[in-house]
Amino acid sequence: MMVRPFIYDFRRTITSKSVLILIGIILLISLAIIPFTAPVVSSFGGSPTPDILYYRDPSAYHFIAFSSDQYGQPVQGTEISMSLSGAKTYANTTATNSEGYAFITLSAPNGTYYFTANATRGGATSSFGTYLYTSPVGQPQLPTTSWISTVQDKANASKSDVRTFYAGLYGAKPSGYSIRYKIAATPPPPLYKDDSPYTAGQMDLLGNLTDYRQVFDPAIPNGLSETTRVYFELFAPNGTAVSGRQMFITDLRHQQFRPQATNVASFFFSTILSFFMPLAAILGAYSSYGKDRLTGVLESILARPISRQGLAISRFLSTLTALAVAAIASVGIVDLVLNQVLGSALPQDYALAIISGLVVEVAAFTGLIFLLSHLVKSTGVLLGISIVLFVVLYFFWGLIVFLLTLLLGGTSGSAVAAEATLVSYYANPAQFLQLINVYVFQSSSGISLQSSNYGVTLPAIVLDGLLWAILPFLAFLYLAVKRD
């Protein structure tokens, strides 16, 4: 007689709109692992310091500075200060304009000076210093970087573009100058410094110079050996080579590597999914039981041939089952994505451990919210306490551990702090997956350790999981049957 009402209530709860929506959200969240499977770029070109060139006339030094971001795009408002120090010091300061340029003239006679430049942007300052020696009148000179260098490509983090920074005589914008390049699989004859061994006719045109600073994207085929060289050369309008630069292919195409499946999964499970599953359990428990309990809906259900115990168990099991199935499906989706994108699936024992951990989190928070619904008098108070509980256990737990560390006489980063952190995971169901990861990988926050030295052992984890899954439920069941 009691079985049919129990099954009816179980089916009604597990197929309710709110529970189905939560299941759908959990499954969608599982797809959030896709960005974490993107290849990681090992390095990229570019420099945070401004580009600076200068030329002199008989009575002054004229400087052109260019401030840019890592993609070579101009940055306005960078404060540039320069000085020449010799028998006398000459200094001036200005800010870059909308095109990223700053023009500074220092009225110093020809001589040898120590040149300093400071660039300030957004509270950060970069500095540079070097000696400037006598140079031909009107001829552009570089105190920093090179006429040809690299910046990160805007659209592709795994590649660099080539940038030129050059001026004509007396600081005129370059006109008729070009930059060319040559890809060579084998080294050419010995070079003098970085000059190119090729003539203009032997090289491909990369572009023509029309401004002091320009960015070019050379067409580099895929699959080239890391020892492949690429030669760049600036040519004057008459075809004379002005300045060259040789690079290896790795300066332009950077190595990418895919993170291991277990590394990606452990981070995703212990942060993203471990955050949403307790929240889903709170909302699911409130929707399936807490709200009905505090608004009197359960009393009408109890008019049917179902006991308080049967109703309490059916609501708990239906909520737990729905969210546990969602957790299992979520791990399955993550495993499928990792297998398709990274080419390796999760180890079976690790996947089972994560599923068990997620079920423990769901059971613990479901039991706690069911229990709280018998200790408060309104739905608003229940929701408020539930959210506060979640915030404390998830966001403020680190502060609690920090204060505990101080009380124990330890400091941040000490062995006392590590032990306090790991032991505290036992007291927090929201951190249960962290316990599992510490035990499986024998590390915490990227630091290798022997977990058993800090009390993290398999029997202790299993016992803690059972207690969190069972005790809140038993306390709730007692109040549901004996006190109502």
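Three helices, α3 (261-295), α8 (397-407) and α9 (415-424), each contribute at least two residues to the lining of the largest pocket. Helices here are DSSP runs of H or I of at least four residues and strands runs of E of at least two, numbered from the N terminus.

Please note that this is a predicted model, in which local features need pLDDT of at least 70 and side-chain atom pairs count only at pLDDT 80 or more, while totals for chains, interfaces and linings use all residues. Residues are numbered from 1 along each chain as its sequence is written, and side-chain values use heavy atoms, with hydrogens and water left out.

To return to the pocket: its lining comprises 25 residues, and Ala417, Ala418, Thr421, Ser444 and Ser445 lie nearest the centre. A lining residue has an atom within 4 Å of a pocket point, on a 1 Å grid with a 1.4 Å probe, a pocket being an open set with protein on both sides within 12 Å along at least five of seven lines.

I turn now to the sheet. Four strands form an open sheet in the order β12-β11-β14-β15, with antiparallel pairing; two strands pair if DSSP finds at least two bridges between them. β12 (204-208) and β15 (241-248) are the edge strands, each with a single partner, so one side of each has no neighbour in the sheet.

Strand β14 (residues 229-235) pairs with β15 over seven bridges in the antiparallel sense, and valine 230 stands opposite methionine 247 in β15. Tyrosine 231 also belongs to β14. Its C-alpha atom is separated by 7.8 Å from that of alanine 184, 47 residues apart along the chain.
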